[in-house]
Each structure stands twice: as C-alpha cells, then as structure tokens.
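Please look over the structure below with its sequence at hand. The briefing that follows takes up a few local regions in turn.

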Amino acid sequence: MQTFLRIVEAGSLSAAAAQLGMTQPTVSRRLQTLERSLGLRLIQRSTHTMRLTLDGERCYERAKALLASWAAFESELLGAREEPDGVLRVIVPHAFGQERLIAPLAAYLSRHRSMAVEWLLHDDRAIQDYIAAGVDCAIQVGEVTDPGLVAIPLAKVPRIAVASPALLAGRAAPRDAADLAELPWLALRTYYRNDIVLTHRPSGRRKRIAIRPRFSTDSLYALRSAAIQGVGVGVGSRWVMTEALRSGELVRLAPDWEADPLPVSLVYPYASHYPARLRRFIDLIRADAGAVFQGDEE
C-alpha cells in the first residue's frame with residue numbers, strides 16, 4: 001500500500017521508483033501484488049498515461065487513512081520504550097503559535113528534559129517539502145491538499161462576525177447576515193478577500209456577502225485590533241475575539257450566523273519510522289486539541 005500511495009502521488013511508476021530508491025520493475029511487481037490480493041484493477045496504464053480506476057480512487061483514500069492509523073498505533077507501541085531527545089522543528093500558524101499552543105509546548109518540554117524545540121511561525125499553507133526543510137511536523141489551518149503528507153484532524157475552529165460598538169454609531173447590532181453587507185469591512189486575506197459565506201445555524205441557510213474591504217491583512221491579531229478601533233466588520237476565529245467580546249470592546253454581529261469553521265490538522269511527511277520526539281508531540285497535541293483550538297464561548 002505504501003508503494004501504491006507513492007505511485008499515485010509521484011504520478012508514474014518511474015518517478016515512484018526514483019523516490020523509493022528501487023527499480024521500476026520492483027514497483028510494478030508490488031502494484032500487481034496489491035491488485036491481485038484485492039482482486040481489483042487500481043491503476044489503468046497505457047504507453048503515455050496513468051490514471052486511477054474508481055476502485056483505485058477508493059483504495060487510495062482508504063490506504064492513506066489506514067497507514068496514518070498504523071503510524072499512530074506504531075507510535076503507541078514504541079513510545080513506552082523510547083525517550084525523545086534532540087531538536088523538534090515545528091511550523092505553527094502565527095496566532096495559535098503565539099498564544100494557544102504555548103501551553104502544550106511548555107508541557108512537552110517539561111516532560112522531555114532532553115528536548116529542544118524550534119518553533120517556526122508561518123501562515124503559508126503552500127509549504128511543499130517538509131523533509132528538505134528539516135521540519136518534523138506542522139499545525140495547518142485550512143484544508144490539507146498535499147497528498148505527500150500524513151494529516152491528523154485536530155479540530156474545527158468556529159468563526160464569527162464582530163465589530164466595535166463605535167462602528168454601529170448607537171444602532172443595535174445587526175441580527176441578519178444580509179444587514180452586514182452595508183457596513184465597512186475588514187478582510188483576512190488568508191481565508192476571505194472580496195466575499196464571505198455565512199451559514200444560519202438554526203436552519204442551515206447560506207448567504208454570500210460581497211464586500212469591499214477598507215482594510216486587508218493576513219494577521220488575525222491585526223484584524224482584531226482594526227475591528228476594536230472601529231475600522232470595519234471582521235470575521236475571525238471565535239477564540240481570538242472572546243476577551244474583547246467580554247470586555248465590550250467588540251460586539252458580535254448576526255449571532256445566529258457563522259462562517260464555515262476552519263479545519264486544523266497536524267501534518268508530517270510519510271516515513272517508515274517516526275522518531276520519539278515527533279510521536280510524543282503528536283500524542284500531546286491530539287490530547288489537548290479541543291481546548292487549544294476551539295476555546296471558550298464568549
């Protein structure tokens with residue numbers, strides 16, 4: 001199955017062979033063995049093209065999940081016998097990496113005294129080659145599109161619309177999504193720029209709002225600060241807005257409406273063996289994921 005995944009992700013048997021450090025006939029034999037054992041044709045090949053069959057598409061998705069599950073199981077078996085040491089290199093989003101993830105990081109370092117951590121703040125979801133960069137893993141917000149990475153779902157981050165009371169100029173906070181279109185807006189460029197879709201939680205109705213942002217940023221903290229200053233309406237992760245909502249610096253707009261929650265995953269490259277430093281970090285982050293990524297209601 002690992003060879004099958006590598007064929008699909010590399011795009012050809014020859015490319016997979018080069019990546020695996022083996023001959024193309026060996027890769028081909030492994031594919032044929034898997035197909036015979038399943039009694040299915042997984043890949044349709046011709047002289048110049050290769051494509052997955054419908055069975056191959058199903059097998060690919062299930063194989064990824066199965067191998068990720070096996071990696072977690074293997075970590076449990078090996079973890080009791082191996083104490084981590086060395087340096088763990090982790091890429092984390094700016095907002096989570098500066099605040100919510102610091103507590104589990106501190107717990108990790110407290111438990112494993114021989115470890116050091118390089119904590120790299122980065123919001124770019126297009127980082128392709130983790131191995132070449134020497135990165136052990138990353139916390140990624142948004143959909144994981146790189147098929148060469150193991151992705152462990154951690155949580156979904158709720159997002160809400162907020163504004164400063166000053167922006168409303170004494171008016172009551174809008175209750176319906178349609179009323180938000182007339183207000184000045186802020187854009188969080190990583191996730192929305194010129195429009196945003198909100199969902200009415202009680203009914204499931206969806207409303208697309210076209211916006212012309214007065215202020216655009218790639219920083220969630222900058223968006224919150226601009227909202228507090230009355231520059232415009234912003235949509236951001238609920239946990240970032242909670243304290244400002246409690247203090248009255250912000251008010252929630254259209255409280256029955258929310259933007260689609262953002263998935264958060266822990267991602268790392270496929271490998272035949274994962275070092276203890278990574279396995280222990282994965283276990284800790286998975287255990288704390290709910291409290292870290294979703295936070296409290298305002």
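Against which elements do the buried residues of α9 pack? They pack against α5 (94-98), β6 (149-163), β7 (185-188), β10 (213-217), β11 (234-237) and α10 (238-247), where helices (H or I, at least four residues) and strands (E, at least two) are DSSP runs numbered from the N terminus. This is a predicted model, in which local features need pLDDT of at least 70 and side-chain atom pairs count only at pLDDT 80 or more, while totals for chains, interfaces and linings use all residues. Residues are numbered from 1 along each chain as its sequence is written, and side-chain values use heavy atoms, with hydrogens and water left out.

**Helix α9 and its ends**
- The buried residues of α9 (residues 220-228) are Leu220, Tyr221, Leu223, Ala226 and Ala227, where buried means under 20% relative accessible area, exposed over 50% and partly exposed in between, with a 1.4 Å probe and protein chains only.
- Ser219 caps the N-terminal end of α9, with a side-chain oxygen 3.3 Å from the backbone nitrogen of Tyr221, and the helix is followed by Gly230, whose phi is positive, near 85 degrees.

**Strand β6 and its partners**
- Twelve of the 15 residues of β6 are buried, and the strand is thus described as mostly covered.
- Nine bridges join β6 to β13 (residues 257-269) in an antiparallel arrangement, and four bridges join β6 to β11, also antiparallel; two strands pair if DSSP finds at least two bridges between them.
- Arg159 stands opposite Ala259 in β13, and its bridge partner in β11 is Ser237.
- β6 also pairs with β12 (residues 251-252) in the antiparallel sense over two bridges, with Val162 opposite Arg252.

**Helices α1 and α3**
- The axes of α1 (residues 2-10) and α3 (residues 24-38) come within 9 Å and cross at roughly 115 degrees, the axes being lines fitted to C-alpha atoms over the stretch in contact and the angles running from 0 to 180 degrees between N-to-C directions.
- Thr3, Phe4 and Ile7 in α1 meet Val27, Arg30, Leu31 and Leu34 in α3, contact meaning heavy atoms within 4.5 Å.

**Glu118 in strand β4**
- Glu118 lies in β4 (residues 115-121) and is partly exposed, with a relative accessible area of 35%.
- Not counting residues up to four places away in sequence, Glu118 touches Val87, Leu88, Arg89 and Val90.
- Glu118 and Arg30 are 88 residues apart in sequence and 38 Å apart in space, C-alpha to C-alpha.

Definitions and conventions: A polar contact is a pair of N or O atoms within 3.5 Å; within protein, one must be able to donate a hydrogen and the other to accept it, and residues adjacent in sequence count only if both atoms are side-chain atoms.
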